[in-house]
Amino acid sequence: MRRPALLLGLLGWLLGSLLPGAALAHPAGLVRVAVTCSGTELRVGVRSPGEPVDPPSVSGCTAVGSPRTGAGDEWTWRTWECPEGLEGVALDLAAVDPSGARVAVELRRDGAVHSLLVDPRAGPWPIPTDRPASGPLLTSFVRLGILHILGGVDHLLFIAGLLFLVTGPRRLLLTLTAFTLGHSVTLAVCALGGPSPAPAPAEAWIAGSIVLLGRELLRQEPERTGRGRHPGVLAALFGLVHGFGFAGALQQVGLPPTSTLWALGGFNLGVEVGQILFVAAVGMLAWLTSRWLGGTARRGRLVTAWLLGVAGSYWLVDRVLALG
């Protein structure tokens, strides 16, 4: 048994080393664009989580001066004059995010603030002449939540571990529900202005929770875990930690001040939809493996435990070193 375990450990460490994106696990922040309308004048700003970029160009308008960086912030601004008005005026968002990820746009107009998530691959984004509806905003944040959870390798690996923590559909449902409630609480508290840790320590805590779950899978049989160690409480506590990671993603995007509950609810719903899709995929894979290859639940539990321990340790060391 020691040799396969050692091979699993080396494989997990190698995968962690070859996937630099997995070290962060949760996707970096979106590109943010701010647009302020004042008569025939537009003031356009951009903030990128990567290398600084110039504000997007505006069709039908004339640039006034050169791009300028705001004092004491990470935004770059440019002013545009639109003599024909804002009808038909559009922003080239593909220029600020060529990767094709969604761009968080904040539109200030007539004393109101509207927030939207825009797909730059859909072509130039026309500035809406009327108040944007809440429906597209809700849909955008649901989609953002799904993309965030499916891009969070560490979170998905933790959920895979929870599937082996207990036996029986009822206990499994209660355990996953407790985890969901835990991260929903911290997500809501942090997103609505409550206290929240810095992103780097939160990511280190998440890595630590993955290591602890792997240890739990190795030292306890599912039946004993289900009876004596209250897996629902354990999952809820770990969920509180993972909620800080989700909150960090929302803080990077920015919640719309006029539709905070819509955006928060949509993002949380998207996270849950992504979790359900992942659990269904893992369950189907486990069923097919058992049916075709004769795999056992104990073997799958052992493999998952080692992956949790090795990958979690790699992320933990990497993130703790990043704190310094």
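This is a predicted model: local features need pLDDT of at least 70, side-chain atom pairs count only at pLDDT 80 or more; totals for chains, interfaces and linings use all residues.
Me: Where do I start? How many helices and strands does the protein have?

Reply: Start with the overall inventory. The secondary structure comes to 10 helices and 9 strands. Then look at burial. Of the 324 residues, 46% count as buried.

Me: What share of the contacts comes from residues 24 or more positions apart?

Reply: Take the contacts with a separation of 6 or more. Residues 24 or more positions apart account for 71% of them.

Me: Which residue does Glu 106 pair with?

Reply: Glu 106 forms a salt bridge with Arg 108. Their closest N and O atoms are 3.3 Å apart.

Me: Is Glu 106 buried or exposed?

Reply: Use the cut-off: buried means under 20% relative accessible area. Glu 106 has 19% relative accessibility, so it counts as buried. Arg 108 has a relative accessible area of 39%, so it is partly exposed.

Me: Which residue forms a salt bridge with Asp 154?

Reply: Arg 319 does. The closest N and O atoms of this pair are 3.2 Å apart. The pair links distant parts of the chain. Arg 319 lies in helix α10, residues 297-323. Asp 154 lies in helix α4, residues 153-163. They are 165 residues apart.

Me: Are Arg 319 and Asp 154 buried or exposed?

Reply: Arg 319 is buried, and so is Asp 154.

Me: Which residue does Glu 203 bridge to?

Reply: Glu 203 forms a salt bridge with Arg 319. Here the closest N and O atoms are 3.4 Å apart. Again, distant parts of the chain are linked. Glu 203 sits in helix α6, residues 199-219, and Arg 319 in helix α10. The two are 116 residues apart.

Me: Why do Glu 203 and Arg 319 count as buried?

Reply: Check each value against the cut-off of under 20%. Glu 203 counts as buried because its relative accessibility is 15%. Arg 319 is buried because its relative accessible area is 5%.

Me: Which residues do the shared partners join into one network?

Reply: Asp 154, Glu 203 and Arg 319. Salt bridges that share partners make the network.

Me: Let us follow one more residue. Where is Leu 157 found?

Reply: In helix α4. Leu 157 counts as buried, at 18% relative accessibility.

Me: Which residues is Leu 157 in contact with?

Reply: Leave aside its neighbours within four places in sequence. Leu 157 is then in contact with Leu 307, Leu 308, Ala 311 and Trp 315.

Me: Last, the strands. What order do the strands of the open sheet have?

Reply: Read across the sheet. The order is β3-β6-β9, in an open sheet of 3 strands with antiparallel pairing. The edge strands are β3 (58-59) and β9 (125-126), and each pairs on one side only.

Me: How many bridges do β6 and β9 pair over?

Reply: Strand β6 (residues 90-91) pairs with β9 over 2 bridges, in the antiparallel sense.

Technical notes. Residues are numbered from 1 along each chain as its sequence is written. Side-chain values use heavy atoms; hydrogens and water are left out. A salt bridge is a side-chain nitrogen of Lys or Arg within 4 Å of a carboxyl oxygen of Asp or Glu. Buried means under 20% relative accessible area, exposed over 50%, partly exposed in between (1.4 Å probe, protein chains only). Helices (H or I, at least four residues) and strands (E, at least two) are DSSP runs, numbered from the N terminus. Contact means heavy atoms within 4.5 Å. Two strands pair if DSSP finds at least two bridges between them.
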